[in-house]
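Have the sequence and the 3D view open as you read.

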Amino acid sequence: MTRIDDVARLAGVSTATVSRALRGLPTVSAATRRRVLAAAEQLDYEVSPSASRLAGGRTGTVAVVVPRITRWFFSTVVEAVEEYLHQSGYDLLLYNLGGREQVRQRVLRTANLHKRVDAMMLVATPLRPADLTALATLELPGVTISSGSRVPNWPCVRIDDVAAARAATKHLIDLGHHRIAHISGDPDDELAFTTHLDRRRGYQAALRSAGLRPDPTLDIESTFTIDGGNRATAELLARGEPPTAIVAACDEMAMGAMTALREVGLRVPQDVSVVGIDDHDLAGVLGLSTVAQPAAEQGRLAAQMLLDPLGARPPSGPIVSQRGTGCDTPVVLPTRLVVRDSTAPPRAH
C-alpha cells in the first residue's frame with residue numbers, strides 16, 4: 001500500500017508539502033504541485049484525510065464547549081455542528097461544563113489543548129478575564145455562538161435577543177394585552193449571562209413603544225428551565241392579581257408557566273396567554289406561540305466559519321451563506337414569530 005511518505009520521496013518534497021499540494025492549498029507553487037500530482041498518479045496513491053492532516057500538523061478535531069448539553073438549544077446546535085464537521089472530514093471533541101469549575105479550568109485554561117484540537121467553538125459560554133487570557137495564549141482559531149462574552153479576533157454567530165423579546169411582547173400587545181408579565185433568567189445562573197438582560201430590554205422596549213410602563217412586580221427572575229418557569233409563575237401569581245399574558249425568556253420557561261397556571265385553575269390562553277422564545281421541539285406539540293430562532297443554522301454557519309480558514313473540504317450540497325466577518329460585526333440570523341394556541345386576545349371583563 002502506497003503511503004504519503006512514498007509520494008514525498010518520489011516528488012523530492014516533504015510530506016507536509018504533499019499534504020498541502022493534494023489539498024489544493026495556495027502555499028504550494030504550481031511546479032511543485034504538478035510534481036506531487038504526477039508522483040501520486042504514478043504510485044496510484046489515494047489521499048487519506050487523516051494522514052494528510054497529520055502530515056500538515058493537524059489533528060482533524062474541533063473542540064466544542066457548551067455550558068449544559070442537556071438543554072435544547074445546546075443539543076440542537078451541537079448536533080448540527082457535528083454533522084457539518086463529519087461531512088468535512090473533522091471530528092468533534094465535546095466539553096460539557098455542567099456548572100463544574102474544575103471542568104471549566106481544564107478546558108479553557110489548559111495550555112496543551114492546541115495539541116489535541118485544530119480549533120475551538122464556544123456555544124453560549126460566558127467567559128471570565130482569566131479565560132480570555134488563557135484562550136489568547138492558546139492561539140487557536142475559534143468562533144462563538146449566541147450572545148455573551150466575545151473573544152478578540154473570533155467571529156460570532158447569534159440572534160438579536162432584544163428583537164426576539166420585543167416581537168414576542170408586541171404580539172401580545174397587538175392582541176390587546178396591557179398587563180403583561182415577564183419571566184426571565186436569573187443573573188446568577190451561568191446560562192443567563194447577557195441573554196436575560198437583552199430579552200428583558202426587548203420586553204420593556206415593546207411596552208414603552210406602546211405607551212405602557214414596565215411594572216417591576218410583573219418581572220420575575222428564575223432559571224432557564226421548565227421548573228424555573230413554573231416557580232417564577234407561582235411567585236408571580238402569589239403577588240396578587242394575575243397578568244393577562246406572560247412573556248417567557250425561553251420556551252422551557254414558558255412550558256413551566258403553562259403548567260403553573262393550569263395547576264391553579266387558570267386556562268391558557270382564555271385566562272392568561274403565554275409566549276416563549278426558541279421554537280423548542282415540543283413547542284408545536286404543546287401549541288406554544290413563540291419566536292423561533294434558527295439554532296441548527298447557527299451551528300452549521302459557525303462550523304463553516306471555523307473550518308473555511310483551515311482549508312477543510314465543505315459538505316456536499318448548498319453552502320451556508322456567511323454574513324459578517326468578525327466579533328466586531330457578528331453574524332446575526334433572523335428570528336420569526338410563530339403563532340399557535342397559547343395566545344389569544346384578553347378575556348373581556
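## Ground rules

Helices (H or I, at least four residues) and strands (E, at least two) are DSSP runs, numbered from the N terminus. This is a predicted model, where local features need pLDDT of at least 70, side-chain atom pairs count only at pLDDT 80 or more, and totals for chains, interfaces and linings use all residues. Residues are numbered from 1 along each chain as its sequence is written, and side-chain values use heavy atoms, with hydrogens and water left out.

## The whole chain

The chain has 13 helices and 12 strands. Of its 349 residues, 53% are buried; buried means under 20% relative accessible area, exposed means over 50%, and partly exposed is in between (1.4 Å probe, protein chains only).

Now for contacts, meaning heavy atoms within 4.5 Å. Take those in the chain with a separation of 6 or more: residues 24 or more positions apart account for 70% of them.

## Two helix pairs

Two packed helices are described by the angle between their axes and the distance between the axes. Axes here are lines fitted to C-alpha atoms, for helices over the stretch in contact, and angles run from 0 to 180 degrees between N-to-C directions. Angles under 35 degrees count as roughly parallel, over 145 as roughly antiparallel, 65 to 115 as roughly perpendicular, and the rest as oblique. Start with helix α1 (residues 4–11) and helix α2 (residues 15–22): their axes come within 8 Å and cross at roughly 100 degrees. That makes α1 roughly perpendicular to α2. On the α1 side the contact uses I4, D5, V7 and A8, and on the α2 side T15, V18 and S19. By class, that gives four nonpolar, two polar and one charged residues. For the classes, Ala, Val, Leu, Ile, Met, Phe, Trp, Tyr, Cys and Pro count as nonpolar, Asp, Glu, Lys and Arg as charged, and the others, Gly among them, as polar.

The other pair is helix α10 (residues 226–238) with helix α11 (residues 251–263), whose axes come within 6 Å and cross at roughly 45 degrees. α10 and α11 are therefore oblique to each other. From α10, I226, G228, G229, N230, T233, A234 and L237 meet E252, M253, M255, G256, A257, T259, A260, L261 and E263 of α11. Sorted by class, this contact has eight nonpolar, six polar and two charged residues.

S222 lies in strand β7 (residues 219–222). Is S222 buried or exposed? With a relative accessible area of 4%, S222 is buried. A polar atom of the S222 side chain lies 2.9 Å from the backbone oxygen of G228. The S222 side chain also makes a polar contact with the side chain of R231, at 3.5 Å. A polar contact is a pair of N or O atoms within 3.5 Å; within protein, one must be able to donate a hydrogen and the other to accept it, and residues adjacent in sequence count only if both atoms are side-chain atoms. Setting aside neighbours within four places in sequence, S222 is in contact with S184, G185, D186, G228, R231, A232 and M253.

S88 sits in the loop between α5 (72–87) and β2 (91–96), and S88 is buried at 4% relative accessible area. Its side chain has a polar atom 2.9 Å from the backbone oxygen of Y84. S29, in the loop between α2 and α3 (30–42), is partly exposed at 42% relative accessibility. The side chains of S29 and T32 are joined by a polar contact of 2.9 Å.

## Loops worth a look

What is the peptide bond from V268 to P269? That bond is cis, with omega near 10 degrees, and P269 belongs to the loop between α11 and β9 (273–278). V272 is in the loop between α11 and β9 too, and V272 is buried at 1% relative accessible area. Not counting residues up to four places away in sequence, V272 touches P243, T244, A245, I246, L261, L266, R267 and S342.

A124, in the loop between β3 (119–123) and α7 (129–138), has a positive phi near 45 degrees without being a glycine. A124 is buried, at 5% relative accessibility.
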